[in-house]
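Subject: Structure for you to look at

Hello,

I am passing on the structure we spoke about, and my notes on it follow below. Please open it beside the text as you read.

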Amino acid sequence: MTCRTLSRPGKRDAHARAAAGASQDVDTACQLTRMKLSLSKVVSGCRLGTLTNLGKNGVQTMELPGCLLYTKTGSPPHLTHDTLQAIKGVPAIVQLTLSTLVELHEVLEEYKEGIGKFIGMPESVLYCSLHDPGSPCPPGYNNNKTVSIWGYGGRMEMTASKFMSMQRALQPDWFQCLSDGDTISGETSRKRAKKSVDRSLFFLDECLQLQEKSPELQDSVMVGVIEGGDMLEERLRSARETAKRPVGGFLLDGFQGQAMAKETKLKLMASVTAELPEDKPRLIHGIGKPDEVLECIERGVDVFESSFPYQVTERGCALSFSYDYNPDPEAAVIKQNGIQDAGKNGTEKGINETSKADPEITSFEIFLKEKRYRDDFGPLVHGCTCYCCQNHSRAYVHHLLVTNELLAGVLLMMHNFQHYFSFFHSIRDALRDDRLDQLKKLIFRQAL
Amino acid sequence: MAAPSSRGPALSLRVVAECGLSKARACELRLPHGPVLSPVFMPVGTQGTMKGITARQLEGLGCRICLGNTYHLGMRPGPELIKQANGLHGFMNWQQNLLTDSGGFQMVSLVELSEVTEEGVRFQSPYNGEEILLTPEKSIEIQNTLGSDIMMQLDDVVSSTVTGPRVEEAMYRSIRWLDRCIAANSKPNEQNLFAIIQGGLDPALRTKCLEEMTQRDVPGFAIGGLSGGEAKDHFWRMVTLSTDHLPRGKPRYLMGVGYATDLVVCVALGCDMFDCVFPTRTARFGSALVPWGSLPVKNKQFAKDFRPIDENCDCPTCRRYSRAFLHALVRSETVAMHLLTVHNIAYQLNLMRSIRESIVEQRFPQFVRDFMRTMYGSRERYPPWAVEALASVNITLE
């Protein structure tokens, strides 16, 4: 399969080339022109490929389909650098969220050296999204000039100018453009859907202009945001118009939440990606369950975030679903653990059961506070090679949860991240090995 | 090399070096789960976990012995479960040494309705209201199940601010309970039972307790009943009185002491082992320990302070993170607590290591002088009790 490089020069690229001088050296070219998406295969709509030449020194790589490392206030939840290092398969790109960093604007302006160094990740490729995927935004606060984000101190209105000022202080490698995605709570009128597209395009053009004038952001890649609610025409318009701008990738926004019917969601996704250039990555936020991830990949999405394992952690659960589509007969029995345990969730009602599982709990996880784990000395998931499973038992994690100890969150986060990253690894393997159908069957069998 | 100073089935102590002026000494303790160099600070991992840091991180900081609490673990998850897990070492997967206390202190400090009789301590479980009687035998039974390398006797704990006949009663009862604990220890070849010297702030009572307890064949002694709010002037006098009467060849464990100045002074007074929740607790409240005091990282003044907590600290937190970032994290992310916990434990362990090196290299008195100057800045600020205590062992500060 031939590799494809960026073929659509935009205003941004020309400026960058001029700024870089005559030479097209990898070292001096900006990230937008340097970055390359090479597809090795497309199977049933799923794209298998690699994003190369990422980051400020242009040496980082991301496998697609893949996910980002979820952070809050610049740190993976519960994890120090050391405990993060103990996780296998940590993604190359770290996701920061503007909402958890916005209060640091002044601090970062004084710091001057960018968010990567500030958070102790000077070597990582950083992507900054607008909102935290785990926290839905209250509706009704955006207008033609501003988008509201919710920081720890409360609501902040971002104009394009303020937004770009923040990005100048952050200096991320990639960032989601300011966009109006307020179409996910309940019924969105046609008018509102149209507004989300108009506004987002307006913000995109404004921000691109501001980026040209910002020396600190010459090397940063803007991600265009596809809006349009549940209206096909608006979605198509948004995709086509956004694709005309010199963005490095596309975020399919407004598909999170329960408002849109599944069928509509998936059809719109497919329609949108059909309009987008093949050589730029497609991102999505707020969709993280394994079955839903596969559905999105089949419709041309490449990059996901990892807030889902974090949410699992926060409800005292461990991801236990199987993604091993190649089971040998013995291993199959062991792997059944995950499925069996998951199947029993919600049916356990002990007399003294005071710990209730979070209603959001999915069939892909086990709730370790359940009494049955009190004296279960096996690992969280048999065969898992994470730090927690290699060193500790279900009984120990159960004890930590019952006694409200901080270590519970640390160990669960380590396990859940690794399990999730391994899942994406298995997706790529399945695509490579032409076993996608087996993987799908396995995953959907475990979805309730 | 000095010959072994004491050897029991589960503990041997070798005095490696002694300060020529003060009573400070550097020792090597051999325990079932490996050697421990003293003076040593033991972090407290109450419920079978060092709060937010992993066993691997704790080991990586150089910790070779830490504490677990019999009271808490006896309640949750309970000794039967821990037995199934191959003891506390197995349950928390900590392969270094463990010291468990008897449960006595929590009895008095945590539980309101406790009644002490000759039999034991009677109290109500805070989890299910059940009435529980903790006897010396029961405490040792639980600790035998936990499998700690060092166990503490159940003592009749009385607050150091209490005076009158209760103190004497508690002292004598603690001696009787020590004998019952010794008799109840089912694993004397694997687990070391330490006695706890009581007697409050009364020199006569303390001396009596020392006379009696040192006649018992125990591998080590703790100095108890202090560090509970008493005036420092009384505190240090009881510490030094105790070490005067404790055998040279057995470890001296001063319970509940962890503030840097207290550690330095009490090493000078002859103590080898210390424990305290302070460093780990203060970390969770957003404070970092430094040689000149502490930094309340959550305070506004650190918002734009881009230096590490301590430029001379080599811990994982100081190597990578700034005060400003910690300040940003501390409001909302648990990881801030973990980073501060790592630093504070590193601080304590580094302090002890520096103390030990200075004793071995015969420059402990100068170390003390440097320490005090760094911590307090100028002579006028030195706490008078510390000056007096150090002078009593021939260490003069400028």
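Leaving out neighbours within four places in sequence, Gly270(B) is in contact (heavy atoms within 4.5 Å) with Lys23(B), Arg25(B), Thr243(B) and Arg252(B). This is a predicted model, in which local features need pLDDT of at least 70 and side-chain atom pairs count only at pLDDT 80 or more, while totals for chains, interfaces and linings use all residues. Residues are numbered from 1 along each chain as its sequence is written, chains are lettered from A and ligands numbered from 1 in the order in which they are written, and side-chain values use heavy atoms, with hydrogens and water left out.

Gly270(B) sits in the loop that runs between helix H10 (260-268) and strand E15 (273-275) of chain B, where helices (H or I, at least four residues) and strands (E, at least two) are DSSP runs numbered from the N terminus. With a relative accessibility of 0%, Gly270(B) counts as buried, a word that here means under 20% relative accessible area, computed with a 1.4 Å probe and protein chains only. Pro251(B) is 19 residues away from Gly270(B) along the chain, and their C-alpha atoms are separated by 9.6 Å.

Turning to the whole chain, 61% of the 398 residues of chain B count as buried, and chain B has 16 helices and 17 strands. Its C-alpha atoms fill a box of roughly 60 × 50 × 45 Å, taken along the principal axes.

Best wishes

Note on methods. Buried < 20%, exposed > 50% of the residue type's maximum accessible area, 1.4 Å probe, protein only.
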